[in-house]
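Trainee: I have a new structure open and I'd like to learn how to read it. Could you walk me through a few features?

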Amino acid sequence: MTAATHSTLFPQVPETADAVLDGLDPEQREVALALHGPVCVLAGAGTGKTRALTHRIAYGVRAGVFVPSSVLAVTFTNRAAGEMRGRLRQLGAGGVQARTFHSAALRQLQYFWPKAIGGELPRLLERKVQLVADAAARCRIRLDRNELRDVTSEIEWAKVTQTVPADYPAAVAKALRDAPRDPAEIGQIYAMYEQLKRDRDVIDFEDVLLLTVGILQDRHDIADQIRRQYHHFVVDEYQDVSPLQQRLLDLWLGERDSLCVVGDASQTIYSFTGATPDHLLNFRTRHADATVIKLIRDYRSTPQVVHLANGLLSQASGRAAEHRLELVSQRDPGPEPRYTEYGDEPTEAEGTARRIRDLIAAGVPAGEIAVLYRINAQSEVYEQALADAGVPYQLRGAERFFDRKEVREAGAALRGAARFGANDSLLDGAEDLPAQVRAVLSGQGWTGDPPAGSGAVRDRWESLAALVRLAEDFARAKPGATLSDLVAELDERAAAQHAPTVQGVTLASLHAAKGLEWDAVFLVGLTEGMMPITYARTDEQIEEERRLLYVGVTRARQHLSLSWALSRSPGGRPSRRPTRFLKGLRPGSGSLGTVTTSGGGAGAAVERGALAARRRQRGPVRCRVCGTTLTEAGEMKLLRCEDCPSDMDEGLYERLREWRAEQARELGQPPYCVFTDKTLMAIAERVPDSDGELAAISGVGVRKLNRFGADVLAICAGEVRGGSDDEV
């Protein structure tokens with residue numbers, strides 16, 4: 001998993017301003033040289049917009065046009081802001097401020113609050129869900145967990161669109177927005193939420209922007225002070241700006257026009273949060289003298305992937321579609337996108353896991369593969385399938401790397417070792433920098449071999465292993481570097497949140513994948529009702545779903561797979577249809593069981609696995625306790641509802657776990673690569689006594705049956721089996 005363009009880990013800082021321009025294509029160079037007046041960069045996916053943006057800022061600084069401290073670059077995620085700071089530092093423009101809207105506003109609010117309001121700034125509420133729950137309770141309105149989350153999102157939308165509680169019902173109707181509850185009830189909860197915040201002297205993240213806007217509007221002296229500080233503004237992902245963020249940007253600018261915005265209306269996928277591409281699309285109307293530059297050279301994806309991406313947008317409608325960019329791939333040809341239809345969701349997950357395992361065997365790193373889905377609830381069946389296939393994975397959205405406890409502790413240990421130098425006994429015998437880092441981190445839990453398991457211990461080891469790899473890369477890039485040099489690098493990266501890569505297949509929602517890219521991408525669950533999502537009803541909502549699929553397609557560099565399942569569970573009625581967005585793009589003629597070249601480019605493959613056919617022959621999977629039809633992958637594996645009583649043989653389960661641990665140690669793999677906990681539970685509940693009965697348990701495929709079947713059946717029969725064949 002990497003950010004939007006490749007770069008050397010530790011490049012040399014350009015010696016001159018003109019050297020900053022080296023390696024830019026003509027359009028990127030035009031962006032870098034456009035240092036005056038309003039500038040609008042329309043940048044398609046994979047066209048190097050961050051590269052153009054950071055080189056523009058760096059060139060302006062190095063050429064003496066910009067004073068570093070007078071430039072404020074804003075974007076939408078801490079990761080993107082951190083990447084921008086890291087790149088600017090590498091280009092010799094380290095003094096530039098690159099922040100999110102909220103981060104920049106919070107710093108200003110903290111600084112000016114005593115002067116503008118007096119006293120201390122109220123405490124910032126990290127999570128508003130509990131306060132929303134309290135507000136609903138005060139209103140005598142009962143919300144379940146899902147409704148609570150949805151009402152919280154509605155309050156956030158109302159605030160970024162500058163809608164007060166009394167106006168919420170009318171605003172929802174005007175926006176044709178589907179409210180999760182009666183709008184009058186949500187308006188009531190919203191009003192009580194605001195009252196509780198005042199009573200408890202807290203503010204939320206939306207208040208950070210609202211209060212900053214209020215102070216800048218009311219206190220011209222403070223607005224002037226900020227404008228004296230910042231003369232030049234850069235906004236990335238401008239298509240995602242909300243009305244509230246645009247208002248703040250206008251107040252920062254004042255009457256000036258030194259503004260550069262970068263965006264792509266075809267990647268507007270956050271309208272549910274209040275984001276709108278209107279500010280990007282209207283930029284030339286607001287700034288008649290604006291310089292407009294288009295970036296369409298795609299350096300990320302192969303021509304085959306770009307062809308599909310362009311095809312998706314060619315069918316789009318609406319205002320954003322009128323401004324779509326036709327991408328032109330700059331890469332060598334690669335494989336055609338692969339289209340696969342499955343009988344049911346578990347089969348789709350198992351087929352995806354097999355293909356991922358094949359790619360890894362062919363040399364594609366696990367960290368360069370992603371499985372992307374529409375909603376987070378789809379992840380469980382893929383987590384299970386990857387675990388069954390012995391493929392490591394990570395869920396996107398985990399804690400930031402340098403915020404992890406083990407990374408902070410490792411940094412402190414490395415800092416201490418650097419301070420004591422040769423006097424630190426840990427460094428005895430460690431001749432080079434990587435050896436020194438390995439020696440220090442061995443005291444923090446790092447070992448040469450990964451630990452068994454997939455829990456917190458393995459996560460800690462992966463974090464420390466990422467630091468070891470970073471030290472090895474740093475030593476190769478800077479021969480003679482010391483431990484102190486590495487500590488300084490880590491400190492700078494921590495400040496920029498430019499984290500090293502942790503290996504493992506990424507599982508993420510399409511929204512969470514925005515701004516990232518991988519060598520191989522699997523887009524799964526592409527059926528009507530999921531893509532577009534069932535609650536997308538208006539034309540605008542449908543088009544946003546199309547753009548979301550476009551974002552998913554453009555995450556792939558080389559390998560792209562698109563798949564769907566005809567039913568949710570094995571034996572279910574095959575009533576689902578592939579997403580309408582692929583109509584005319586995917587192969588649609590001839591037998592679905594054959595390879596066809598119609599649509600989607602030559603060689604596009606459509607296949608059904610034999611396993612899918614076998615699953616369709618079975619009836620619906622029912623709970624063996626209560627008879628309810630099962631739909632969740634974990635429940636289908638156990639053949640019972642999670643809440644139904646288990647008849648598992650606890651002693652057998654523990655013996656199976658002990659045997660699994662021994663096998664994992666011998667194989668040098670985590671235990672879940674042998675069998676997952678759910679599979680062991682299913683075995684302990686059903687106690688198979690033949691190959692056929694064991695093979696019928698989900699998670700026991702042919703490969704594992706051949707490898708472990710004899711041991712498992714022996715343990716089920718009461719024999720004690722370990723790692724060697726001569727034990728009885």
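Trainee: Let's start with a salt bridge: which residue does Asp-519 form one with?

Mentor: A salt bridge here is a side-chain nitrogen of Lys or Arg within 4 Å of a carboxyl oxygen of Asp or Glu. Asp-519 makes one with Arg-557, and their closest N and O atoms are 2.4 Å apart. The two partners are 38 residues apart, with Asp-519 in strand β15 (residues 518-523) and Arg-557 in strand β16 (residues 556-567). Helices (H or I, at least four residues) and strands (E, at least two) are DSSP runs, numbered from the N terminus.

Trainee: Before we go on, what should I know about the model itself?

Mentor: This is a predicted model: local features need pLDDT of at least 70, side-chain atom pairs count only at pLDDT 80 or more, and totals for chains, interfaces and linings use all residues. Residues are numbered from 1 along each chain as its sequence is written, and side-chain values use heavy atoms, leaving out hydrogens and water.

Trainee: Is Arg-557 buried or exposed?

Mentor: Buried means under 20% relative accessible area, exposed means over 50%, and partly exposed is in between (1.4 Å probe, protein chains only). Arg-557 has 3% relative accessibility, so it counts as buried. Asp-519, at 21%, counts as partly exposed.

Trainee: How many salt bridges does a search of the whole structure find?

Mentor: The search finds 38. One of them pairs Asp-207 with Lys-197, with 2.5 Å between the closest N and O atoms. Asp-207 sits in helix α10 (residues 205-218) and Lys-197 in helix α9 (residues 183-200), so this pair ties together parts 10 residues apart in sequence. Asp-207 is buried at 7% relative accessible area, and Lys-197 is buried at 4%.

Trainee: And what about Glu-545 and Arg-374?

Mentor: Their side chains meet in a salt bridge too, at 2.8 Å from N to O. Glu-545 is in helix α23 (residues 539-553), while Arg-374 is in the loop between β12 (369-373) and α18 (379-388), so the bridge ties together parts 171 residues apart in sequence. Both residues are buried.

Trainee: Now the sheet. What is the order of its six strands?

Mentor: Two strands pair if DSSP finds at least two bridges between them. This open sheet runs β3-β2-β6-β7-β1-β8, with parallel pairing. Its edge strands, β3 (97-100) and β8 (291-295), each pair on one side only. Look at β2 (residues 71-75): four bridges join it to β3. Ala-73 stands opposite Ala-98 in β3, and Thr-75 stands opposite Thr-100.

Trainee: How does the chain cross from β2 to β3?

Mentor: A crossover is right-handed if, with the strands pointing away from the viewer, the path from the first strand over the helix to the second runs clockwise. Here the chain passes through helix α4 (residues 78-90), and this β-α-β crossover is right-handed.

Trainee: Last one: which residues have the most contacts inside the largest nonpolar core?

Mentor: A nonpolar core is a set of buried Ala, Val, Leu, Ile, Met, Phe, Trp, Tyr and Cys residues joined through side-chain atoms within 4.5 Å. The largest one has 41 residues, and Phe-101, Val-235, Leu-249 and Trp-252 have the most contacts inside it. Helix α5 gives the most to this core, with seven residues. Apart from it lies another core of 37 residues, including Ala-309 and Tyr-339.
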